[in-house]
Amino acid sequence: MNAPISLLKMRFLTGLQYRAAAAAGMLTQLFFGLIIIMVYVAFYRYNGEAQPMMLKEVVAYVWLQQMFYALIVLWQFDGELFELITGGHIAYELCRPWRLYPIWYAKLLAARLASASLRCAPVALVVFILPEPYRMPPPSPAALLLFVLALVSGLLLVTAISMLVYISVFWTMSPVGSVLLVAVSGEFFAGMIVPVPLMPGWMQQVVHLLPFRWTVDFPFRVYTGHIGAQEAIVGIGTQWVWLAALAAAGQWLMGRALKRAVVQGG
Amino acid sequence: MRLYFRYMSILFKSQMQYRTSFWLLCAGQFFVPFTVFAGIYFLFERFGRLPGWTFHEAALCFGVIHMAFSMAECFARGFDMFSRLIVRGDFDRLLVRPRGTVVQVLGSSIEFTRFGRMLQCAVVLGIAVSGLSVQWTPAKVITLILMIAGGVIVFCGIYILGASFCFWTVQGLEVMNILTNGGREMAQYPLDIYAKWVTRFFTFVIPFGAVSYLPLLYILDRTDGPDLLYMAMPLASLLFLAPCLVAWRVGVRHYRSTGS
């Protein structure tokens, strides 16, 4: 079980090399956060009281989204793995004495952790001292603890989902189409574009049937206390059920894919 | 200009070689702004309206900006991807040819898959226009077209500016994303809902306000002052393009090859 862990460490260190990119990303994230909050402030000015989420909760939601963007966004895909599949280098990968699923899983996890750890802390420092109404509200200690748990589970879950996308490339052989569709719809269902409680009722029902909301919407609302402690504990359990199901499905599909894998290229 | 069309037809033919992939990407591109637009629709459904703006008015703003963005992304892709030319040293090849650098870089890459995105924007514009109770005079139609054209020019200007920086930095600058993607995200809503500093920056420094917000007031009959001034506002985008082109020329003169 050592191989995945050392790979995780290696990947993490590679990711840390791109410091300038991280600084630029941080500025971009602050700007985007400010713009999105201004839009919500304008919406809430007109009809703010009757909403299922308070403006403060939305502000926290937006900042968390920007801070942990690299951690939970489905859109982050590793071109290298796609090339392995479509370019035929998968053959080397298969020669190595380990099981593919945990290795790839560890790689993806590490890439996410590395880019998020660089961006999260500096953004966090800034958003807690911004003037109202942009300032990030601090959480209660209990909510913070539950949030960390929910965020970690969400991270594991989103990585499992992205594994399924990679595995699908064994069949489609062309990453762009399937990736774009899954990423765009997944992002929407996760609550990246509009927080789930602000969606209309029928849309919320659809969202609750899918795993995506457990990766973004759920942890962020645990942070603000919009989801209470009791509900949060149940929710974390649900996250793990999804995680187990998706990881099992991924392992099984990957096994099938590898059995009939055609090595591309000469 | 003839040269540019030649580039265009060659690139189109080469992209059509992978037909399935092309259509899939087009379809995917169709959905990218679609979810954003759905988000805006849901927000309007929940909150009723923005202060001073109805859903269809905001949709018009959204349609214009996204249309301009996808057209700029399609045709000015060469400048967007310019750092690649520099890193590989391919820019040298362009310099020895007896044609202008701007045309050649423009022709180096065109993303036809963005047509999917344009189609989606056309749908949004259709929804907006059919939902507005505006008397469409020829002058207003011209203003609408000017707005889109002006928007394309502003985005192209930003791409050219970003590409010019590559002469010094070699690598592309991620900060330029604030101006392109960030500018798009911001200008998809009417500008007056933002804080003053944002509005000012994006009107006087980068004239998004001049191509979307001000002429929009004219189309919606909310102007106070001479209409012609509001109509002609999108032309301010040319004022923005000029310094970008100057930066480009300075950059080209400064250029040192990275190739071996």
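1. Met231(B) is buried, because 20 other C-beta atoms lie within 10 Å. A residue is called buried if 20 or more other C-beta atoms lie within 10 Å of its own, exposed if 12 or fewer, and partly exposed in between, with C-beta atoms placed from the backbone. Met231(B) sits in helix α14 (residues 227-232) of chain B. Apart from neighbours within four places in sequence, Met231(B) is in contact with Ala139(B), Thr143(B), Pro215(B) and Tyr218(B); contact requires C-beta atoms, placed from the backbone, within 7 Å. The C-alpha atoms of Met231(B) and Val64(B), 167 residues apart along the chain, are separated by 15 Å.

2. On provenance: this is a predicted model, in which local features need pLDDT of at least 70 and side-chain atom pairs count only at pLDDT 80 or more, while totals for chains, interfaces and linings use all residues. Residues are numbered from 1 along each chain as its sequence is written, and chains are lettered from A and ligands numbered from 1 in the order in which they are written.

3. Chain B has 15 helices and zero strands; these are DSSP runs numbered from the N terminus, helices being H or I of at least four residues and strands E of at least two. The C-alpha trace of chain B spans about 60 × 45 × 35 Å along its principal axes.

4. Of the 260 residues of chain B, 42% count as buried. Among contacts in chain B with a separation of 6 or more, 78% join residues 24 or more positions apart.

5. Helices α2 (residues 19-47) and α8 (residues 115-131) of chain B pack at about 40 degrees with axes 6 Å apart. Axes are lines fitted to C-alpha atoms, for helices over the stretch in contact, and angles run from 0 to 180 degrees between N-to-C directions. The angle makes α2(B) oblique to α8(B): under 35 degrees counts as roughly parallel, over 145 as roughly antiparallel, 65 to 115 as roughly perpendicular and the rest as oblique. The contact includes Phe30(B), Phe34(B) and Phe37(B) of α2(B) and Leu119(B) and Val124(B) of α8(B). Its residues divide into eleven nonpolar, three polar and one charged. Here Ala, Val, Leu, Ile, Met, Phe, Trp, Tyr, Cys and Pro count as nonpolar, Asp, Glu, Lys and Arg as charged, and the others, Gly among them, as polar.

6. The axes of helix α3 (residues 55-75) of chain B and α9(B) come within 8 Å and cross at roughly 50 degrees, which makes α3(B) oblique to α9(B). Residues including Val64(B), Met67(B) and Phe69(B) in α3(B) meet a set in α9(B) that includes Met147(B), Phe155(B) and Tyr159(B). The contact of α3(B) with α9(B) has 13 nonpolar, one polar and no charged residues.

7. Phe165(B) is in helix α9 (residues 138-169) of chain B. With 18 C-beta neighbours inside 10 Å, Phe165(B) counts as partly exposed.

8. At the interface, 30 residues of chain A are in contact with 31 residues of chain B. On the chain A side, α2(A) gives the most, with 15 residues. The chain A residues that touch chain B divide into 22 nonpolar, six polar and two charged.

Definitions and conventions
Contact = placed C-beta atoms within 7 Å.
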